[in-house]
Amino acid sequence: MQMIAPLHGHSPAPFNRRLVLLAYECLCTFEFGIAVEAFGRADEVFGQPLYGLSVASVEEGVFGAQGGVRLVVDGGLELLEEAGTIVIPGWRSVHEPASDQLIAALQKAHRNGTRIVSICAGSFVLGAAGLLNGKRATAHWNSTEILAQRFPQVQVEHGMIYVDEGSIITSAGGAAGVDLCLHLIRRDYGIEVANRTARRMVTPPLREGNQAQLVQQPVPQRAAKNLSPLLDDLRNHLNTPLVIDQLARQAGMSRRTFLRRFHDATGTTPGEWMLSMRLEKACALLESGKLSIDQVAEQAGFGSPETLRHHFRQRLNTTPTNWRKSFSERGVTQ
């Protein structure tokens, strides 16, 4: 059995850090690579990975993955028995059934309290195992209709990038797997550790699960003016009122051009982007445990604790107090 050293200094309360990543013939290498990058690389503060990662294969021996890759892994489905978390990185086809052995292993793991995570078409494996019945779930936008038809007891969320149902978490395809992995790290270790992982992966640290999978606006043919200095300035002044006309002048653009370029750069509006930044800041301040709710609201730019509570209820489905309590119970310190 793989021995997992405890994390020191900033570690959360003990939990089963064994994370088993499933592999299979015709493995989806992109989804697999996302999970390896998020969970298997050393954290720059802890000096070791956040999870004890091992790879379990459905098939025996050497097998093939997409792109001509051949894999040798750590073991078979027996590894799932000791896992705290199982990750299913895609599946070879939504029309390809999972084996009886895999279904039985996942059902047993779920009964034993193991958390199971799927990226993209991995939801179809969970659906076949009956683990999504009565729960919300998602998958790649081009297969959610099939998921809903095949598993009518599942509440399929067609537009969300990931859905967290506690012990079962599903995500859409492609880069939505990155968002799911960061969400899992944020759940287990707090926002500061998740942000470090996001910086290493050069990706936005927080996209909420209810963000739409599809961005309808096409990529502009002409490169947009660099808004990075302006965005950095906004991050450093979260408690400053957001005045669009003033920002447009600062960027040297008309209001209409500024709004279009802002959306090109961030995928959202200035107001929505600023709200996400303020929520991220508030979460970090709450997790530090050093400030009152009133002080957090002021420093994060919400102005009043009532406004802070409103947005926590609307966006995070919790309260600032419960958020702080949740991470305090995990022993997270910043």
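The chain of this predicted model exposes about 16100 Å², of which carbon and sulfur atoms supply 50%. Of its 334 residues, 47% count as buried. The secondary structure comprises 13 helices and 10 strands. Among the contacts with a separation of 6 or more, 65% are made by residues 24 or more positions apart.

Confidence was examined along the chain. The mean pLDDT is 85, and 87% of the residues reach 70 or more. Where pLDDT is low, predicted coordinates should not be read in detail.

Strand β10, residues 168–171, pairs with two other strands. With strand β6, residues 115–119, the pairing is parallel and runs over four bridges; within it, Ile 119 has Ser 171 of β10 as its bridge partner. With strand β9, residues 162–164, the pairing is antiparallel and runs over three bridges; here Asp 164 has Ile 169 of β10 as its bridge partner. The side chains of β10 point in two directions, Ile 168 and Thr 170 one way and Ile 169 and Ser 171 the other. All four of these residues are buried, whichever way they point. Strands β9 and β10 form a hairpin with three residues between them, and in this hairpin Gly 166 takes a positive phi near 85°.

A positive phi is also found after helix α5. This helix covers residues 176–189, and the loop between it and helix α6, residues 191–201, contains Gly 190. The phi of Gly 190, which follows α5, is near 100°. Gly 190 counts as buried because its relative accessibility is 0%, against a cut-off of 20%. Ser 288 stands 98 residues from Gly 190 along the chain, yet the C-alpha atoms of the two are separated by 9.9 Å.

Helix α5 itself is mostly covered, with 13 of its 14 residues buried. At 1.5 Å a residue, the 14 residues of α5 should span 20 Å, and the end C-alpha atoms are 20 Å apart, so the two values agree. An α-helix has 3.6 residues a turn, so residues three or four places apart point the same way.

The cysteines were examined for disulfides, and the count comes to zero. Cys 26 is in no disulfide, as the nearest cysteine sulfur, that of Cys 28, is 6.8 Å away. Cys 26 is partly exposed, with a relative accessible area of 34%, whereas Cys 120 counts as buried at 12% relative accessibility.

Technical notes
Residues are numbered from 1 along each chain as its sequence is written. This is a predicted model: local features need pLDDT of at least 70, side-chain atom pairs count only at pLDDT 80 or more; totals for chains, interfaces and linings use all residues. Side-chain values use heavy atoms; hydrogens and water are left out. pLDDT is the predictor's confidence in each residue, from 0 to 100. A disulfide is a pair of cysteine sulfur atoms within 2.5 Å. Buried means under 20% relative accessible area, exposed over 50%, partly exposed in between (1.4 Å probe, protein chains only). Two strands pair if DSSP finds at least two bridges between them. Contact means heavy atoms within 4.5 Å. Accessible areas come from the Shrake-Rupley method with a 1.4 Å probe; for residues, only the protein chains shown count as cover. The expected span of a helix is 1.5 Å times one less than its number of residues.
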